[in-house]
Amino acid sequence: MILNVVVVAVVTAMAALLASRRVASAPLWRATTTPLASIIGSGFLVLGPLLGGAYGIWAILVMAVLNAVAWAFGAAIRQSIADPRPSPRLDTAASVVLAFAYVISVAYYLNLFGAFAVSLTPFDTDMAARTVSTAVFLCVLIVGWTKGFAALERMEQVSVGIKLAIIAGLLTGLAITFAQRAGAGTLIIETQHLAFWPAITLGFGLIVTVQGFETSRFLGESYDAPMRVRSMKLAQLTAAAIYMVYIILLVPLFAASEYQLSETAIIDMMAGVAPVLPLLLVAAALAAQFSAAVADTSGSGGLIAEVTRGRVDPRTGYAVLVGLGVVMTWTLDVFQIIAFASRAFALYYTLQAVVAAQTSLGRGAKTRAFGWAALAIFGALIVVLGRAAEGG
């Protein structure tokens, strides 16, 4: 009971802080909101149980590596923001890949939306979750087709505040439980549960869970280049800190047998930490998934229109996205969609690393160009080797 009260108090205090005029109106925070909303989305909810069940205590190292890889790819994009040099063919190819990646990521977000929407109801089945996901797809299409996304996109800053406030409450609950079990000497330290190669390829398939920082590149109409670079750095550092604290606190609290490979495993796990947490996490999940899906649908429609030079308008792009998303909803599970999305985003990041290498070479910075080329090769390996969590 006391832990519930503490968690709710922390959530309330954090929500009030983020909603305060001083924070909400700060230009840097507003610029940080978009990439941060994308990074700390659904990945936060599925990543803990997935990493803990697959890697044991080594999940902490895997999380650190995922953050480091994301930072490296982010650095390539930051170079393009600070020093834009036209690469027409590569830029067009990257836009096509990113539009396709957004299609997959929207399916990922809305499938998680459906799973969390029914998770605490008597209708907690795959059929019900997929039906809810399909209904929300159609809702997104209708709104985008008839009114555009401007109104829904205003939800972004509010949803980020709600999500971060609930995450603060979650981390508080985990920290108190961690301290209690550490004092009692009952923390659980288990080693990796996967063989070496499956562990590597699964890690490659999880890049999408730390994706989203690239959105800073597309805020040029609202913010100048230095602000977009600063906002991306702040978003990535904030997300990395939250992810690391989360994994460090979560993994030693549960044995391997307590991790379930399901979209909503975190709900059942957190019920044992503080009974109020499942309801709060469902609220965070629904807000996060819907706002992220709206943002990526809007971005994909715009990219399709740009790549086709207006021959396909954004509304038609939304219809294509929704059609493909509904097909994925009924033919794939969420972990397969995560792996496909990771490969698509890794391909986009690979192309950005190639652009960074070209730019550095053009400036005579051969060492940096070599580093970006190596990063591009690494990205290509992720594209080829990344696999779904349930793969062999």
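**Reading burial, helix packing and a salt bridge**

Biologist: Is Thr 359 buried or exposed?

Modeller: Thr 359 counts as buried, because its relative accessibility is 5%, where buried means under 20% relative accessible area, exposed means over 50%, and partly exposed lies in between (1.4 Å probe, protein chains only). Please keep in mind that this is a predicted model, in which local features need pLDDT of at least 70 and side-chain atom pairs count only at pLDDT 80 or more, while totals for chains, interfaces and linings use all residues. Residues are numbered from 1 along each chain as its sequence is written, and side-chain values use heavy atoms, with hydrogens and water left out.

Biologist: Where does Thr 359 sit, and which residues is Thr 359 in contact with, leaving aside its neighbours within four places in sequence?

Modeller: Thr 359 belongs to helix 15, a helix being a DSSP run of H or I with at least four residues, while a strand is a run of E with at least two, both numbered from the N terminus. Once neighbours within four places in sequence are set aside, Thr 359 is in contact with Gln 79, Asp 83 and Arg 85, contact meaning heavy atoms within 4.5 Å.

Biologist: How do the axes of helix 15 and helix 16 cross?

Modeller: Two packed helices are described by the angle between their axes and the distance between the axes. Here the axes of helix 15 (residues 334-362) and helix 16 (residues 366-385) come within 8 Å and cross at roughly 165°, which means that helix 15 is roughly antiparallel to helix 16. Axes are lines fitted to C-alpha atoms, for helices over the stretch in contact, with angles from 0 to 180 degrees between N-to-C directions; under 35 degrees counts as roughly parallel, over 145 as roughly antiparallel, 65 to 115 as roughly perpendicular, and the rest as oblique.

Biologist: How many salt bridges does a search of the whole structure find?

Modeller: Side chains of opposite charge can pair when their charged atoms come close. The search finds one salt bridge, defined as a side-chain nitrogen of Lys or Arg within 4 Å of a carboxyl oxygen of Asp or Glu. Arg 363 forms it with Asp 83, and the closest N and O atoms are 3.1 Å apart. The two partners are 280 residues apart, with Arg 363 in the loop between helix 15 and helix 16, and Asp 83 in the loop between helix 5 (59-82) and helix 6 (88-118).

Biologist: How accessible are Arg 363 and Asp 83?

Modeller: Arg 363 is partly exposed at 40% relative accessibility, whereas Asp 83 is buried, with a relative accessible area of 18%.
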